[in-house]
Amino acid sequence: ESVKRYITAIAPRIDNETITHHMLLYVSPDPVGSAPVSCSSAPDLGWKLYYGWAPGAGPHVLPADVGFPLDADEPVHFVVQMHYNNFQHLAGEEDASGIDLCTTTDALQHDADVLAVGGTNFDLPANATSTLTCDL
């Protein structure tokens, strides 16, 4: 039997602080493969932002009576979008960062949601390029 769950806390798990620039946690209405996709396509795919991390940020712990609802009868597809900064071109850098979720099946009084405000058109530093090739 499926039970409704709530996300009550979201915490970054940073493996390589040298190159991890920031990461975003989305919920997708559809399954998402492991093949890389353009970061700019996330809003067009119907993904909903749940959490963002950048250096200096900590975990997001919700008040005791609040949680992000995960309905029992609907599959949930999480997407972690990683952004790296290796402008020093350090060789051999690897990363296994991720995001940990705390959940509960206790009924909570309030459903959490995210309201993102601000610009989405950012310029790269002068010495950076806007294209990148990754050998997996």
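Visitor: How many bridges pair strand β1 with β5, and in which sense do they run?
Guide: Strand β1 (residues 5-13) and β5 pair in the antiparallel sense over three bridges, where strands are DSSP runs of E with at least two residues, numbered from the N terminus, and two strands pair if DSSP finds at least two bridges between them. In that pairing, I7 stands opposite F68 in β5. This is a predicted model, in which local features need pLDDT of at least 70 and side-chain atom pairs count only at pLDDT 80 or more, while totals for chains, interfaces and linings use all residues. Residues are numbered from 1 along each chain as its sequence is written, and side-chain values use heavy atoms, with hydrogens and water left out.

Visitor: And what joins β5 to β8?
Guide: Two bridges join β5 to strand β8 (residues 110-111), and these strands run parallel; G67 stands opposite D111 in β8.

Visitor: Why is β5 largely enclosed?
Guide: Four of the five residues of β5 (residues 66-70) are buried, so the rest of the structure largely encloses this strand; buried means under 20% relative accessible area, exposed over 50% and partly exposed in between, with a 1.4 Å probe and protein chains only.

Visitor: Switching topic, is H83 buried or exposed?
Guide: H83 counts as buried, at 19% relative accessibility, and lies in strand β6 (residues 77-84).

Visitor: Which side chain does H83 join in a polar contact?
Guide: The side chains of H83 and Q81 are joined by a polar contact of 2.8 Å, that is, a pair of N or O atoms within 3.5 Å, where within protein one must be able to donate a hydrogen and the other to accept it, and residues adjacent in sequence count only if both atoms are side-chain atoms.
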